Amino acid sequence: MGQTAAADGYFLQGDAGARTQSVVASASRGSLNYGLNLSNYEDGHSGAISLTYGLPLGDVAVMKVGPTIGFQHEQDEGDDVQAGLKLSLERYTPTSFGSTYLLADVSSVHQSWFLLGQMTFAPGNFGVELSRGGSDSYHETTLAFQKRIADGPLSVRAGYKLTSEEVFAGFSINTF
C-alpha cells in the first residue's frame, strides 16, 4: 500500500544545458506548500510561483490546490503575466528496492501541465525519472538519472531532453 506525499521539507533542483537552464524549488509546512520554478531558454524565460493547500486523499495521494502567478518573456513578443489556479496530485510509495514517486500537475496559467514518474533504488542511492511537460508554447520530455551523495539530501543529476535534444547536468536537495 502506498503512502501520501505529505511530509514537511523542502526541495531544490537546478539543471543546466547548453541552451536551457532551470530551477525548481518547493517547501511544505503542514498543509501549506510554496512553489517556484524558473526557466531560461534561447528565446526567452519563464517562471511561476504558487501557494497551495494540501488535502490528503486517504492513502492514495495528496491533492494540492491554490493560486499561482506565472510570467513568460519571449524574444520579439514581450511579457505575459497571468494569475490562475494550480492543482497537483502526488503519491510516494516505499518499496522493497527503495521508492516510487508520481506527480501530476496542471495550471491554468499558460495552460501548463507536468507529469513525473521517479524510481529510487536504496542499495545504490540512485534514481531514474521520466517527465513530460508542456504549455501554450513549450513541450518537453526528459529522462534523468540521479545519484545521492552519501546519506544526505544532496544528489547530482544528469539527463537528456528528448524533444530539444539537449544533454544537461544538475543537482537536487531533497529533505522530504
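Let me start with pLDDT, which is the predictor's confidence in each residue, from 0 to 100. This is a predicted model, so keep that scale in mind. The mean pLDDT of the protein chain is 92. Of its residues, 97% reach 70 or more.

Two housekeeping points. Residues are numbered from 1 along each chain as its sequence is written, and side-chain values use heavy atoms, with hydrogens and water left out. In this predicted model, local features need pLDDT of at least 70 and side-chain atom pairs count only at pLDDT 80 or more, while totals for chains, interfaces and linings use all residues.

Now the elements. Strands are DSSP runs of E, at least two residues, numbered from the N terminus. Strand S1, residues 3-4, has the lowest mean pLDDT among the elements, at 48. Strand S12, residues 154-161, has the highest, at 98. Where pLDDT is low, the predicted coordinates should not be read in detail.

Next, pairing. Two strands pair if DSSP finds at least two bridges between them. Look at S8, residues 98-107, and S9, residues 112-121. They pair in the antiparallel sense over 10 bridges. Valine 106 has tryptophan 113 in S9 as its bridge partner. S8 and S9 form a hairpin with four residues between them. In that turn, histidine 110 has a positive phi of about 55°.

S9 also pairs with S10, residues 126-134. Again the sense is antiparallel, over nine bridges. Here glutamine 118 stands opposite glutamate 129 in S10. This hairpin has four residues between the strands, and asparagine 125 takes a positive phi near 55°.

On to charges. A salt bridge is a side-chain nitrogen of Lys or Arg within 4 Å of a carboxyl oxygen of Asp or Glu. The count comes to six. One of them joins arginine 157 and aspartate 15, at 3.0 Å, N to O. Arginine 157 lies in S12 and aspartate 15 in S2, residues 9-17, so the pair ties together parts that are 142 residues apart in sequence.

Are these two residues buried or exposed? Both are buried, meaning under 20% relative accessible area; exposed is over 50%, and partly exposed is in between, with a 1.4 Å probe and protein chains only. Asp15, Glu129 and Arg157 are linked in a network of salt bridges.

Another salt bridge joins lysine 86 and aspartate 105, with the closest N and O atoms 3.4 Å apart. Lysine 86 is buried at 19% relative accessibility. Aspartate 105 is buried too, at 14%.
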